[in-house]
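Please look over the sequence and the structure shown here before reading the briefing that follows. The notes are grouped by topic.

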Amino acid sequence: MKKFSVLFLLFFILYFLPGTSYAQRFPKPEFDSGHVQPPTLTPAPRAEFLAWFDVLVLIGSLSAASWFVIKKRSRKGVFWVSLFALAYFGFYREGCICPVGSVQNVVLAMFHPAYIIPATVVIFFSLPILFTLFFGRTFCAGVCPLGAIQDIVLFKPVKLKPWVQTALGLIPYIYLGLAILYAATATDFVICRYDPFVGFFRFDATFNMLFLGGIFLLVSLFIGRPYCRFLCPYGVLLNLTSRISRKHIAITPTECIQCRLCEDSCPFGAIELPSPVKPAEKRETSVRRFILLVIIIPPLVLAGGFAGSMLHENLASVHPKVRLAKQLLIPSKEVTEDIKVNIDAFKTSGKTVNELYAEVDGILKVFYVGGWLLGGFLGLVFGLTLANLSKFKYQPDYIPDKGTCLSCARCVDYCPVKPENPA
Amino acid sequence: MDQQDQGNKIDRRKFLNNGIRAGIAIGVGGIGYGLLKNAFSGELVWQLDASKCIQCGRCATSCVLTPSAVKCIHVYAMCGYCDLCGGFFRPETKQLNTAAENQLCPTSALKRKFIEEPFFEYDIIEDLCIGCGKCVKGCESFGNGSLQLQVNHKLCKNCNQCAIARVCPSEAFSRVPAKNPYLFKSFGNKKPVNKPVEGDE
């Protein structure tokens, strides 16, 4: 019993000795029995060559998907490629690495040179864009695991009204803008944090994220690929590049006979119907409206930018430093346990409050500029979408809308026209 | 006339599309090249600086994995092999045995092994460890500080943005070169800190 009390006294003294927390309080033991201290276990990270193997798999599956879409025109082929991608990039690689999230890495690397972006991530970002430039969104059709998991549960697609589709189609631009803003300010990687399906891939997530993922899958039963069409920020980039793609899936292998069989075949509402022979209104009216809508784009950009800059403090409050500065201002009575940990840690860090405030001031300035840019960008997108609505393009056939078409090749099975015999 | 007009129109569109396509290809390639120039200097992984860690317990709850990829790792070379281990026993423990009520670890992940009088060795059962840092706090307060929290790279998914780094109050998390992915503390490398004055709110 005496031994204990001496030891406790010793601990008591040591505990309150200031600044000695890392002194060697107890000497290194000398073993008589010849016992050897085991080494410290330091498990190595995943080997780098495996990341290059991922790149090979990406190239392989992109090529396979493009070949099945463009050359073979085979829905079955695309489906099996997408199942493979779901198994590999989804369940085996557990959702990371993915081109959708790589947008943020690229932006972070552009604005913060100290962050060294791995070469494989750059390739994961650019390859699907380059493939889309030549073959349409074959990445979405066959390689994206997030798309595949929604696609395989599509049970009974419901057609959405065009205006609903156009309106919801604006959300990805907002999401992309926010993701870029937060990546450029090194605040957070929102796309990854709010990825609804990564929890399924890992069989592990918070309840909220699993719940969100469950809702998305439930909606996917009836509305084709809701995440891809109405949220995916990478889809915005692919949508824009796909519009000028060199080749693109066509519903009919030769010439459309207007049989209307494919009319309802697209679960994503991406088939453009033939335009009526005579436009519903006079050319002058639509041209005048188009000009009017183009003229209001600059004011929309300015208004968006102004609104964005007004919101910059709200946007910035996600940043950990801004959050901490706010917490320091909370009256001590209202401080919760959780916030107290942050405040105490800050007080022991040796930084003064003024230094923090100066830093936060800088962050807020960056967000002010970012708010202008984000708002302006959204104003521009909104204006262009409006102007596009009154654009009249004459086309006689059933064709896929190159921007929103996900190249899933469902429609080709509905076309009764047989390809011309090459012989 | 009409036919010809349309032909010209399509050609113009094709020409424009080709131009834009080439532009985007060059743009994406340029961005890629610019970023790739120093991309081969080695990958980065997340790690927490053990000398900055204050054992708040958020590593156990904030990781995207359950249990957390942050584990207690024992730096045996720093251990004093104490009988009365501040990391193993609760502070008010009267009897130094492995009874559950004496143990600080909520999951009994710390294994105590008799070596020779008066030395005991403490091993961490990795599968049981949840990274709460209770033992680390005990060891740092009463012992040599040989128990340390570290990101276990066999488990870590190396998320784009570490979910723990976002909430770490002492900003201990950073991206470190994958070639040298552990940040242990050793005797004497603790930076001087301003201790908070009691009641200073």
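How many aromatic pairs does the rule count over all chains? The count comes to 27 aromatic pairs over all chains, a pair being rings of Phe, Tyr and Trp (its six-membered ring) whose centres lie within 6.5 Å, with planes under 30 degrees apart counted as stacked, over 60 as edge-to-face and the rest as tilted. This is a predicted model, in which local features need pLDDT of at least 70 and side-chain atom pairs count only at pLDDT 80 or more, while totals for chains, interfaces and linings use all residues. Residues are numbered from 1 along each chain as its sequence is written, chains are lettered from A and ligands numbered from 1 in the order in which they are written, and side-chain values use heavy atoms, with hydrogens and water left out.

**Aromatic pairs**

- A:F31 and B:Y81 form an edge-to-face pair, with 5.0 Å from centre to centre and 75 degrees between the planes.
- Because A:F31 lies in the loop between α1 and α2 of chain A and B:Y81 in the loop between β2 (70-74) and β3 (110-116) of chain B, this pair joins two chains; helices (H or I, at least four residues) and strands (E, at least two) are DSSP runs, numbered from the N terminus.
- Both A:F31 and B:Y81 are buried, where buried means under 20% relative accessible area, exposed over 50% and partly exposed in between (1.4 Å probe, protein chains only).
- A cluster linked by ring pairs takes in A:F53, A:F84, A:Y88, A:F89, A:Y92 and A:F124.

**The interface of chain A and chain B**

- Chain A gives 73 residues to the contact and chain B gives 79 residues, contact meaning heavy atoms within 4.5 Å.
- About 6700 Å² is buried between chain A and chain B, and carbon and sulfur atoms give 60% of this area; buried area is the accessible area (1.4 Å probe) that two parts lose on being put together, summed over both.
- The rule finds three salt bridges across this interface, each a side-chain nitrogen of Lys or Arg within 4 Å of a carboxyl oxygen of Asp or Glu.
- B:R166 forms a salt bridge with A:D188, and their closest N and O atoms are 3.0 Å apart.

**B:R58**

- B:R58 lies in helix α2 (residues 58-62) of chain B and, at 10% relative accessibility, counts as buried.
- Not counting residues up to four places away in sequence, B:R58 touches A:D338, A:V341, A:N342, B:I164, B:V167 and B:P169.
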